Amino acid sequence: MTDITLAPVQPDQPTHLMATYGRQAISFVRGRGAYLYTQDGTEYLDALTGIAVCGLGHAHPAIAEAIAEQAATLVHTSNLFEIPWQTAAAQKLAEVSGMEEIFFSNSGAESNEGAIKIARKFGTQQGISLPKIIVAEQSFHGRTLATLSATGNKKVQDGFAPLVEGFVRVPFGDIEAIQEAALQHPDIVAILIEPIQGEGGINTAPQGFSYLEEVRQICNQRNWLMMLDEIQTGNGRTGKYFAYQHTNIIPDVLTTAKGLGNGFPVGAVMTQGKAVGLLGPGSHGSTYGGTVLGSRVVYTVIDTIQKENAVENAAVVGNYIVDQLRAQLSDKNVQVRGFGMMIGIQLPKDCAELVAIARDEYKLIINVTAGSVVRLLPPINMTQAQADILLERLVALITNYL
């Protein structure tokens, strides 16, 4: 193996990268489980995991072994041929999701693009020439032109007009608004929502997950597709394999990515019931979707989550973190919400600066979203001992800040 060591990029050093990210002045060279390490060996507890991506932590041995072995065997052949690992990965994903058909993509945005196409196909087959999809305010579905149009964040959309048409926006959790939209727009064919709004601030509907049950009932009554964006909430993140499994319903279309590959770029759009068969040969595709390597990673991630009981661990340890935060911050005028390892701490003021303070003073990696919400997305296999370290650092951080 060639030994290559890259020097850290200096703040004033020009690069050829497009300036689309406001990067932090730090880089990591190694990861192990819940920890990240800089070149000089400084250790950071990672409570963000690549924004809900590395659910099994960094450099998980089983996944690293599968990637190395497959990369040395066969990486890609294209979907012109049968791909046994893709078939096996789809079988695994169908078992944990309850869905029937699966299309592998390369990202969450691509998965949601697939869902949007499925909804439009569903509508046109019913003779609706301009089918519409209900989406929620404060949502986030991606940064492609169609998914940013579906997203309920004007900041994401700014400068990219004209947006893609065909989306009707309603407040998240508002069933009456959905019913009113149905009366005003007879060409609605689907609703696309997140069970928990991640980028929007770890928002749950006021009525909790029963909101999904109410949406399911409306979709049944009106012959709409119920489409759930579980890019962030899926793959064990909320203490169920998929967040909708906190209820007794099942969506017609389900999308996921992030934790599906534990850091390897892969996503999926899945269908069941009346959404099955809407996309056929020539109607959708991807050069890199479901490669041999990517499919083996998906299979290995799901298999490892199952063998390690990581979903159950996310529920138990996640609830422990929430309970402890509520108890230890009870006098700080904060609101703690979330499920499993998807936790938000609403502070009484904007707190974007906490990201740098946590990193530099507490060696803790966190995120702030929606201005005043500290977002925690730790590994779903985090131990209680690691959770206690997280709590110690985080409580001190917030206490000193407030």
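Biologist: Happy to start with the ground rules; what do the numbers rest on?
Modeller: In this predicted model, local features need pLDDT of at least 70 and side-chain atom pairs count only at pLDDT 80 or more, while totals for chains, interfaces and linings use all residues. Residues are numbered from 1 along each chain as its sequence is written, and side-chain values use heavy atoms, with hydrogens and water left out.

Biologist: How many salt bridges does a search of the whole structure find?
Modeller: A salt bridge here is a side-chain nitrogen of Lys or Arg within 4 Å of a carboxyl oxygen of Asp or Glu. Searching the whole structure on that basis, the count comes to seven.

Biologist: Which residue forms a salt bridge with arginine 296?
Modeller: The closest N and O atoms of this pair are 2.9 Å apart, and the partner is glutamate 69. The two link distant parts of the chain, 227 residues apart: arginine 296 sits in helix 9 (residues 292–307), and its partner in helix 2 (residues 61–71) is glutamate 69.

Biologist: Is arginine 296 buried or exposed?
Modeller: Buried means under 20% relative accessible area, exposed over 50%, and partly exposed in between (1.4 Å probe, protein chains only). Glutamate 69, at 41%, is therefore partly exposed. Arginine 296 has 13% relative accessibility, so it counts as buried.

Biologist: Which side chain meets aspartate 187 in a salt bridge?
Modeller: The N to O distance is 3.8 Å, and the partner is lysine 132. Aspartate 187 lies in the loop between helix 7 (175–184) and strand 7 (188–193), 55 residues from its partner in strand 5 (residues 132–136), lysine 132.

Biologist: And which residues are linked with Lys92 in a network of salt bridges?
Modeller: Lys92 belongs to a network of salt bridges.

Biologist: Stepping back, how many helices and strands does the chain have?
Modeller: Both are DSSP runs numbered from the N terminus: helices are H or I with at least four residues, strands are E with at least two. Counted that way, the chain has twelve helices and 15 strands.

Biologist: Lastly, what is the radius of gyration of the chain?
Modeller: It is taken over C-alpha atoms, and the globule rule is 2.2 Å times the number of residues to the power 0.38. With 402 residues, a compact globule would come near 21 Å, and the chain agrees, so the value is 21 Å.
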